[in-house]
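Here is a friendly walk through two chains and the place where they touch. Have the viewer open as you read.

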Amino acid sequence: MSLQRQVIAPPVPGLDAARSFAQPMSMVVRGGEFLFVSGLTAVDPQTGERIRGTTMSETDRILANLKLLLEAAGSSFDKVVKVNVLVHSMLEAPNMNEVFARVFPEPPPARTVCGARLPDGVKVMIECTALA
Amino acid sequence: MTEKLSRSTIQPKNPVLNVSRSANLPHVPGIRIGDYLFLSGMGPTDPNTGGRNHGPIGEQVRTTLNNVKHMLESAGSSLERVVKVHVVLADISHMDEMDRVYREFFPVNPPARTAWSMQLRFGNGCEIECLALVD
């Protein structure tokens, strides 16, 4: 029996950044026992519009949205396995970290942080793998 | 208690696309763990010559995704069974052009994806890695 592959719809249309920004991706895909979440950027979950702010405020918004996406898929922060964080400048990593540390329960997931060029001038992008 | 997952190496049927072997890199083209496939990052390698296709970014993305497709099919999977993709571009301004070609390969229920830009090796314009389920 082959592993299940299922696209999981966001709980509200505003969280469907793939649709808001016409991106060829699904926000959350279940593969077997895992959930894979696309790289998220800061958007207003009500309107779907991009929210531009500081690295801290964008991180805060992304993680709040990630929580909603995970919960809609039957998962949660305490089931996150691995997080990859892309920041526009590694000088901003401590600011991202401050918010990140507040949000994840102990013990937090495995994580990689990397400085990268990000699309559309966003400051932070966060993706994760979680248990379904 | 779940049963132990087996681990094996996967190879492209076309040996020209086994870049890790031909360039003597310390990785394999992919690993199968249970029914999950983890592919190494692939670039725009010409499947006939093994050379690098450094044409326009749209062509590079098309060559790369065809290579990913070949790799998946060599290992008993397909583009439809991909769950997560990483797309890395050398130039962030190529995002829209990458998307245009990418869309052709994942027309319905596309996988989760993260796309960004950073420095790439060998002068490649793109590198793509993915995680898929076997059929």
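## A right-handed unit in chain B

In this predicted model, S4(B), H3(B) and S5(B) together form a β-α-β unit of right-handed sense. The two strands of that unit, S4(B) and S5(B), run parallel and are joined over six bridges. One pairing to look for is Val87(B), whose bridge partner in S5(B) is Ala115(B).

S5(B) is a well-covered strand: six of its six residues are buried. On one side sit Ala112(B), Thr114(B) and Trp116(B), on the other Arg113(B), Ala115(B) and Ser117(B), and both faces are covered.

## Where chain B meets chain A

How many residues of chain B are in contact with chain A? There are 24 of them, and they touch 24 residues of chain A. The elements of chain B that contribute two or more residues to this side are S4 (82–89), H3 and S5 (112–117). S5(B) supplies the largest share, six residues.

Sorted by class, the side of chain B that touches chain A holds 14 nonpolar, three polar and seven charged residues.

## The overall build of chain B

Stepping back, chain B contains three helices and six strands, arranged along the sequence as β-α-β-β-α-β-α-β-β. Its radius of gyration is 15 Å, close to the 14 Å that the globule rule gives for 135 residues, so chain B is as compact as a globular protein of that length. Along the principal axes, its C-alpha atoms fill a box of roughly 50 × 35 × 25 Å.

Of the 135 residues in chain B, 39% are buried. If we take the contacts in chain B between residues at least 6 apart in sequence, 73% of them join residues at least 24 apart.

## Helix H2 in chain B

H2(B) covers residues 57–74. Its 18 residues should span 26 Å at 1.5 Å a residue, and the end C-alpha atoms are 25 Å apart, which agrees. Just after the helix, Gly76(B) adopts a positive phi of about 80°.

The buried residues of H2(B) include Ile57(B), Val61(B), Leu65(B), Val68(B) and Leu72(B), and Gln60(B), Thr64(B) and Asn67(B) are also among them. What covers the buried residues of this helix? Strands S2 (30–33), S3 (36–39) and S6 (126–133) of chain B are included, along with helix H3 (95–105).

## Helix H2 in chain A

Now turn to chain A, where H2(A) spans residues 55–72. This helix has 18 residues and reaches 26 Å from its first C-alpha to its last, close to the 26 Å expected at 1.5 Å a residue. H2(A) is followed by Gly74(A), with a positive phi near 80°.

Among the buried residues of H2(A) are Ile62(A), Leu63(A), Leu66(A), Leu69(A) and Leu70(A), and the list also includes Glu58(A), Asp60(A) and Arg61(A). The buried residues of H2(A) pack against strands S2 (28–31), S3 (34–40), S4 and S6 (124–131) and helix H3 (93–103) of chain A.

## A closer look at Val85(A)

Val85(A) lies in strand S4 (residues 80–87) of chain A. Is this residue buried or exposed? With 22 other C-beta atoms within 10 Å, Val85(A) is buried, since the cut-off for that label is 20 or more.

Leaving aside residues up to four places away in sequence, Val85(A) touches Met96(A), Arg111(A), Val113(A), Val124(A) and Ile126(A). Val103(A) is 18 residues away from Val85(A) along the chain, and their C-alpha atoms are separated by 14 Å.

Key
Residues numbered from 1 in each chain as written. Chains lettered and ligands numbered in written order. Predicted model: local features only at pLDDT ≥ 70, side-chain atom pairs only at ≥ 80, totals over all residues. Helix = DSSP H or I, 4+ residues; strand = E, 2+ residues; numbered from the N terminus. Rg over C-alpha atoms; globule rule 2.2 N^0.38 Å. Buried ≥ 20, exposed ≤ 12 C-beta atoms within 10 Å, placed from the backbone. Contact = placed C-beta atoms within 7 Å. Expected span 1.5 Å × (residues − 1). Nonpolar A, V, L, I, M, F, W, Y, C, P; charged D, E, K, R; others polar. Pairing = 2+ DSSP bridges. Right-handed = clockwise from strand over helix to strand, strands pointing away.
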